[in-house]
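My notebook is open and I have a predicted model to look through. I'll begin with the ligand and then turn to the nonpolar cores.

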Amino acid sequence: MTTPAPPEREPAHIVVVGGGPGGYEAALVAGSLGARVTVVERQGLGGAAVLTDVVPSKTLIATAEWMTIADRAPELGIRLTDEAAKRDLTVDLRAVNQRVLELAEAQSADIRGRLVREGIEIVSGTGRLDGKSRVVVEPEDGGEPRVLHADTVLLALGATPRILPTAVPDGERILTWTQMYNLDELPEKLIVVGSGVTGAEFAGAYNALGSDVVLVSSRDRVLPGEDEDAAELLEGVFRSRGMTVLSRTRAEAAVRTDDGVAVTLSDGRVVHGSHVLVAVGGVPNTEGVGLEEAGVTLTASGHVEVDKVSRTSARGVYAAGDCTGVLPLASVAAMQGRIAMQHALGDGVAPLRLGTVASNIFTAPEIATVGYSEDALKKQGSRYITTTLPLARNPRAKMLGIRDGFVKLFAHPEAGVVLGGVVVAPRAGEHIFPITLAVRHRLTVEDVAASFTIYPSLSGTTAEAARVLDARVQER
Ligand SMILES: Cc1cc2nc3c(=O)[nH]c(=O)nc-3n(C[C@H](O)[C@H](O)[C@H](O)COP(=O)(O)OP(=O)(O)OC[C@H]3O[C@@H](n4cnc5c(N)ncnc54)[C@H](O)[C@@H]3O)c2cc1C
């Protein structure tokens, strides 16, 4: 007699609310682990990351980078064919922004296609929790709401720009970063309020594209919280390129004038410009979607509280990405989403480790960091050795006409383990990778120093910094 096969179990149903990197990456993992997956998205697949934040800003910056490179051309012996007709390069912002938006749309369509191919259902509309295991979706066209029953819910709601009540955006002259791509003409004078990563990136890009830029910073220097030497170098570069940086002052209000905008500062000054970009951070999209009613605890700032495997306080409800406030990076959002699904579906899971996250600020030069910052090492009283080598000494940098930049490494004084690093250079986001590998795999400065680098290459400076620190470790 043959034993009857056990009844097949229904696959778990995962409902992901939000189709940004925190959501779509998780959906793919859940699908590959055998779950039935539904993604609810109100704006477009790829989320703000693809449609308004990462992809558009980095595409715009790619154009700005060409302008910065062109600035170095005369020094490298490049001349206009007709010197008499010499004219500066100009930017057709309408064409630039059209390319930006097309690229973002195409990327969003790619992600949608990938999810569909993997058998993931996509529901358009705004999702709201109705208890821990029901998501109600209101379609954008106002049709009948749809109720989804879930074994597990992942909230990947993202964030939207913070609006100052005294500087309400009008989409024409007073702008958030999501509205910058509607501009057809280069702002004559752009006032950027906020000198965090987003403010610094836009200020640098528009300065390179040809706008007169005023950057308003409430702190002593731009990029508060980032490596001090890197921020100082960047501020120097900004000023040397003609940008006005107003430090230790806040923008209190922005209003339209007849031909532009007027921004009132906390010290009483009024700055006039053609446009103002208000980049003072984001707020999580956690209001009015039934979170607290379902038992999901929010922090004072409105972010979803999560543990290291992305669990919220409500059983069966996970959260990932900017709505958690853990670290506002697409890569971290995606990692949190993957971890959530592995945990929910009983797969092997390693808790989130932020010590090895690499991040990059896309200014010119770029600022890339990984591992412990000097500030964190000092604050926690860790012993460390460090060296900073300027790129100006690097032969390849000289050939390329690069003067501004450095490589900084931190290592343990006895064990020589690489604890972190900072690279300030064009394309630093690429050059940080060997240091990321070293930090992730606990390599020593000796390991890094003993590895071949191309001659000549910018990465030669990373190996040289490792050699300097290795010599100090050996002396002890
Ligand atoms: C200008 C700018 C540049 C940036 N550049 C970089 C960069 O270069 N590299 C990097 O790593 N990070 C960058 N970031 C950060 C990055 O954009 C975020 O960390 C990332 O988008 C977070 O992903 P997410 O999935 O949490 O949210 P999002 O990408 O914001 O996606 C959330 C999605 O959820 C949808 N949603 C929200 N609520 C609901 C609901 N109730 N129902 C249905 N759908 C809903 C939203 O419409 C959105 O599409 C940048 C941010 C900004 C502002």
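Entry one, the ligand. I looked up who sits around it and got 36 residues, with Gly22, Glu41, Gly127, Asp322 and Ala330 coming nearest. Sorted by class, that shell has 16 nonpolar, 15 polar and 5 charged residues.

Next I checked oxygen atoms of the ligand against polar backbone atoms. I found one 3.3 Å from a backbone atom of Ala48, one 3.1 Å from Leu329, and one 2.9 Å from Ala330. How much of the ligand does the protein bury? I noted 93% of the 990 Å² that the ligand exposes when taken alone.

Then I asked which elements give two or more residues to the shell. My list reads α1 (21-32), β2 (36-41), α2 (47-51), α3 (54-72), β4 (126-129) and α7 (330-344).

The largest nonpolar core has 41 residues, and Leu60 and Tyr206 touch the most other members. Several elements give two or more residues to this core, among them α3, α4 (93-117), α5 (197-209) and α6 (228-240), plus strands such as β10 (189-193) and β22 (406-411). The largest share, 6 residues, comes from α5.

I zoomed in on Leu60. Ignoring neighbours within four places in sequence, I see Leu60 in contact with Leu93, Val96, Asn97, Val100, Tyr181, Phe202, Ala205, Tyr206 and Leu209.

A reminder to myself: nonpolar side chains tend to be buried together in soluble globular proteins.

Definitions and conventions:
Residues are numbered from 1 along each chain as its sequence is written. This is a predicted model: local features need pLDDT of at least 70, side-chain atom pairs count only at pLDDT 80 or more; totals for chains, interfaces and linings use all residues. Side-chain values use heavy atoms; hydrogens and water are left out. A residue is near a molecule or strand if one of its heavy atoms lies within 4 Å of it. A polar contact is a pair of N or O atoms within 3.5 Å; within protein, one must be able to donate a hydrogen and the other to accept it, and residues adjacent in sequence count only if both atoms are side-chain atoms. Accessible areas come from the Shrake-Rupley method with a 1.4 Å probe; for residues, only the protein chains shown count as cover. Helices (H or I, at least four residues) and strands (E, at least two) are DSSP runs, numbered from the N terminus. Ala, Val, Leu, Ile, Met, Phe, Trp, Tyr, Cys and Pro count as nonpolar, Asp, Glu, Lys and Arg as charged, and the others, Gly among them, as polar. A nonpolar core is a set of buried Ala, Val, Leu, Ile, Met, Phe, Trp, Tyr and Cys residues joined through side-chain atoms within 4.5 Å. Buried means under 20% relative accessible area, exposed over 50%, partly exposed in between (1.4 Å probe, protein chains only). Contact means heavy atoms within 4.5 Å.
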